[in-house]
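Here are some friendly notes to read alongside the structure. Take the points one at a time, and keep the model open as you go.

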Amino acid sequence: MTFRARHLLGIEHLAPDEIRTVLDLADRYVDLNRRTVKQADVLAGMTQINMFFENSTRTQASFELAGKRLGADVMNMSVAQSSVKKGETLIDTALTLNAMHPDLLVVRHPSSGAVNLLASKVNCAVLNAGDGRHEHPTQALLDALTIRRAKGRIQRLTVAICGDIAHSRVARSNLLLLGKMENRIRLIAPPTLMPPGVAEFGCEVYDDMAAGLEGADVVMMLRLQRERMDGGFIPSEREYYHRFGLDADKLAHAKPDAIVMHPGPMNRGVEIDGTLADDINRSVIQDQVEMGVAVRMACMDLLARNLRAERGRKAVETYA
């Protein structure tokens, strides 16, 4: 299997063959997770630290479950009670953690680039669990696995990403991944929620749901990122739902077998109709949650292999 990365900081530096490697291995972990006994030992003897500077119940739980199922010793660091709240810098936190000799460090941070900074200061493998408006690579990978399992492929599909594009790291990571895999990508949002320079990503831009969803294979809805909004980006939630919330009438413009996705948490009646979100024939939202554990297991497995290989080479050089 081809996976050359030392860290998983984003999709931008992953090649298509590396993406396929993650998805292929994750497929195997889906099977493991559906068994009665879900344990493996590929991370046995390794320590995983989850450090979340932002709240995220499902992502943190997913990484914790993934690590434990692979046999790692998993520690969740409570940032609210940590030295960071007492004025310690991010670099000092990284150096302190590094002195504990972890093997895998999972980080979510509200500032773009913070995870990259941490990665430059530690000796372990670092996984980006979301940093500011930059990237959320494992979300894009689990979305890709969900699409591939539902549609039978991850190439040459028409994918519509709808909602708060401007503030979404999920949108950025999906744009990068889906673009690498030769898909036709459409972004649908009001102008106030569309980032500047978005046309440079090589996607189509719409401010009308009916036009943007026409003939789509995949409809990916995004959450309104109110915590990152510093002004009036939408007139009201009611008006937003009327124009950009996904309901049966709007979905009718997509292909009859189009799937509906949402990274969660969902605001029902704002971004998506609740009945549609629960439609077992169209919605793959719960599948995304299941794929999340398998993808994170695959990512940590691959990074651990590379880390062991690197340490082995250094040991040989030391005694040569």
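**Notes on the model**

1. Let us begin with helix α5, which is mostly covered: 13 of its 15 residues are buried. Buried here means under 20% relative accessible area, exposed means over 50%, and partly exposed lies in between, using a 1.4 Å probe and protein chains only. Helices are DSSP runs of H or I with at least four residues, strands are runs of E with at least two, and both are numbered from the N terminus. The length of α5 fits too: at 1.5 Å a residue its 15 residues should span 21 Å, and its end C-alpha atoms are 21 Å apart, which agrees. The expected span is 1.5 Å times one less than the number of residues in the helix. After α5 comes Gly152, with a positive phi near 85 degrees.

2. A word on what you are looking at. This is a predicted model, in which local features need pLDDT of at least 70 and side-chain atom pairs count only at pLDDT 80 or more, while totals for chains, interfaces and linings use all residues. Residues are numbered from 1 along each chain as its sequence is written, and side-chain values use heavy atoms, with hydrogens and water left out.

3. Now step back to the whole protein. It has 11 helices and nine strands. Its radius of gyration is 20 Å, close to the 20 Å that the globule rule gives for 320 residues, so the protein is as compact as a globular protein of that length. That radius is taken over C-alpha atoms, and the rule is 2.2 Å times the number of residues to the power 0.38. Along the principal axes, the C-alpha atoms fill a box of roughly 65 × 45 × 40 Å.

4. How much of the protein is buried? Buried residues account for 55% of the 320 residues. The protein exposes about 14000 Å², and carbon and sulfur atoms supply 49% of that area; the areas come from the Shrake-Rupley method with a 1.4 Å probe, and for residues only the protein chains shown count as cover.

5. Look next at contacts, meaning heavy atoms within 4.5 Å. Among contacts between residues at least 6 apart in sequence, 75% join residues at least 24 apart.

6. Charges deserve a point of their own. The protein has 40 positive and 40 negative side chains, and the centres of the two sets lie 4 Å apart. Lys and Arg count as positive and Asp and Glu as negative, leaving out His and the chain ends. Each charge is placed at NZ of Lys, CZ of Arg, CG of Asp or CD of Glu.

7. Helix α1 covers residues 16-33, and at 1.5 Å a residue its 18 residues should span 26 Å; the end C-alpha atoms are 25 Å apart, which agrees. Its buried residues include Ile19, Leu23, Ala26 and Asn33. What covers the buried residues of α1 includes α2 (57-69), α5 (137-151), α6 (169-180) and α11 (285-319).

8. Leaving aside residues up to four places away in sequence, Arg69 touches Asn33, Lys38, Gln39, Ala40, Val293 and Met297. Arg69 and Ala44 are 25 residues apart in sequence, and their C-alpha atoms are 9.9 Å apart in space.

9. Arg156, between α5 and β5 (158-162), has a phi near 55 degrees, a positive value in a residue other than glycine. Arg156 is exposed, with a relative accessible area of 58%. Glu182, in the loop between α6 and β6 (184-188), has a positive phi of about 65 degrees although it is not a glycine. At 52% relative accessibility, Glu182 counts as exposed. Lastly, the peptide bond from Gly264 to Pro265 is cis, with omega near -5 degrees, and Pro265 lies in the loop between β9 (259-261) and α10 (274-277).

10. Finish at Met1, in the segment before α1. Met1 is exposed, with a relative accessible area of 56%. Beyond residues up to four places away in sequence, Met1 touches Thr21, Leu25, Arg28, Leu302 and Arg305.
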